[in-house]
Structure formats: C-alpha cells, structure tokens
Amino acid sequence: IDGFPLPLIVTGAGDVVTSSSQSARALFPGLCAGRPISLAIRDPDYLAALDAILKDGAPRMVILGEKSATMLRALLSRLPTETEPCVVTAFEDLTEQQAVERMRVDFIANASHELRTPLASLLGFIETLQGPARDDAAARERFLAIMRDQAGRMARLIDDLLSLSRAELRAHQQPT
C-alpha cells in the first residue's frame, strides 16, 4: 500500500480504518488502524460517500477542502472480499491546480480592467469630438494626442498578453 503513488486508506465495516499508507497518515495525522475514519477525516461529504458506497457499490469522487488552503480529490472504490466489503480511497492533491486556476481568473480580471480603462477613455474622447468639441481645433489636437497614448497603452497590453500566451504554449516544449 505504501508503494502506491497516492495516499491510500482502506476502511471496512463501520467505517473503521483497516490499513493506510504512510503518505495518508502524513496527510491525516489522526488516522489509525482499528479506529473510525471520522476521527481523522471530518468532511461530511466524504463520510456520506463512504456510507453510500458500502450500500450500492458504485465508485464515488468527492472534493475535500474546497474552501480551505488544501484541496483534495477523494476517489472511493468498493472492493469485494471474502468476509465483508471494504472501501479503498485514494487522495489526489488539487491544491496547486486550484491556486493556478485562481491566479488565471485573477489575471483575466486584471487584464480586462486594464484594457477597459483606456477603452473607456477613447470612447469618451470620441463622443466629445463628435459632439461639443466638433469645431474646437485646440481640443481636437489635445484629445487626439491623449487618444493616441491610450491606444498605444492598449496595444502594449495586448502585446503583453500575446507574449504570455506564446510563452505558455511553449512551456511544455523541450528547448532546441
């Protein structure tokens, strides 16, 4: 059981831990053979899945710690035995994936905001030049200079986004 790459826990009747890998015991310090798993893992969804799988035998997947610093995917499978069924649970750490996804969402929100600001400025100046400042040559020159700066800012932001996208595409390619 220690040779398996993911933390594993085997439970039997009454949700009592029958065995666990060293990595599972490191992940859940309260884990101990012969004791109920609920003493180590208190997640209600996981405990409900554990009870349900013993009844119907259908494999389950549960996410633990969605609102905490550590996020785990628990994959539960029922194994038939000669005496009584047992459940094997493998745990997969999703914490890093979740952090990357959160960073990606934050980045998109920030990039959108950074593009929206100069775009709003451009639209405002265009409306002003089409309306009240239509015949004001001095205002037109001043506004066009600001508009050029804002358009340049947007172009730089888009270039940066494209550069990041190209770098991300090549992140998994071996250098030549």
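Visitor: Which residue in strand 5 is the bridge partner of Val 10?

Guide: That's Val 88. Bear in mind that we're looking at a predicted model.

Visitor: What makes strand 1 and strand 5 a pair?

Guide: Two strands need at least two bridges between them to count as paired. Strand 1 (residues 8-11) and strand 5 (residues 86-93) are joined by four bridges, so they pass that cut-off. They run antiparallel.

Visitor: How do you know that strand 3 and strand 4 pair?

Guide: By the same test: at least two bridges are required, and five join strand 3 to strand 4 (residues 72-79), therefore they count as a pair. Met 61, for instance, stands opposite Leu 75 in strand 4. Leu 75 also has a bridge partner in strand 5, namely Ala 90.

Visitor: What links strand 4 to strand 5?

Guide: A hairpin, through six residues. The two strands pair in the antiparallel sense over eight bridges.

Visitor: Why are strand 2 and strand 3 called edge strands?

Guide: The sheet is open, with five strands in the order 2-1-5-4-3 and antiparallel pairing. Strand 2 (17-20) and strand 3 (60-64) each pair on one side only. Neighbouring strands here are turned by 20° against each other on average, ignoring direction.

Visitor: On to the helices. Why are helix 3 and helix 4 called roughly antiparallel?

Guide: Helix 3 (residues 95-130) and helix 4 (residues 137-169) pack at an angle of about 160°. Angles over 145 degrees count as roughly antiparallel, so that is the label this helix pair gets. Their axes are 9 Å apart, and helix 3 passes helix 4 in a left-handed crossing.

Visitor: What kinds of residues make up the contact of helix 3 with helix 4?

Guide: There are 19 nonpolar, four polar and five charged residues in that contact.

Visitor: Which residues line the largest pocket?

Guide: Val 100, Met 103, Arg 104, Phe 107, Ile 108, Leu 161, Leu 164, Ser 165 and Glu 168. The pocket holds about 280 Å³ of space.

Terms used
Residues numbered from 1 in each chain as written. Predicted model: local features only at pLDDT ≥ 70, side-chain atom pairs only at ≥ 80, totals over all residues. Heavy atoms only, no water. Axes fitted to C-alpha atoms, helices over the stretch in contact; angles between N-to-C directions. Parallel < 35°, antiparallel > 145°, perpendicular 65-115°, else oblique. Left-handed = near helix turned anticlockwise from the far one by under 90°. Nonpolar A, V, L, I, M, F, W, Y, C, P; charged D, E, K, R; others polar. 1 Å grid on protein atoms, 1.4 Å probe; cavity = no way out; pocket = protein on both sides within 12 Å on 5 of 7 lines; lining within 4 Å. Points joined across faces, edges and corners; volume = space filled by probe spheres on them.
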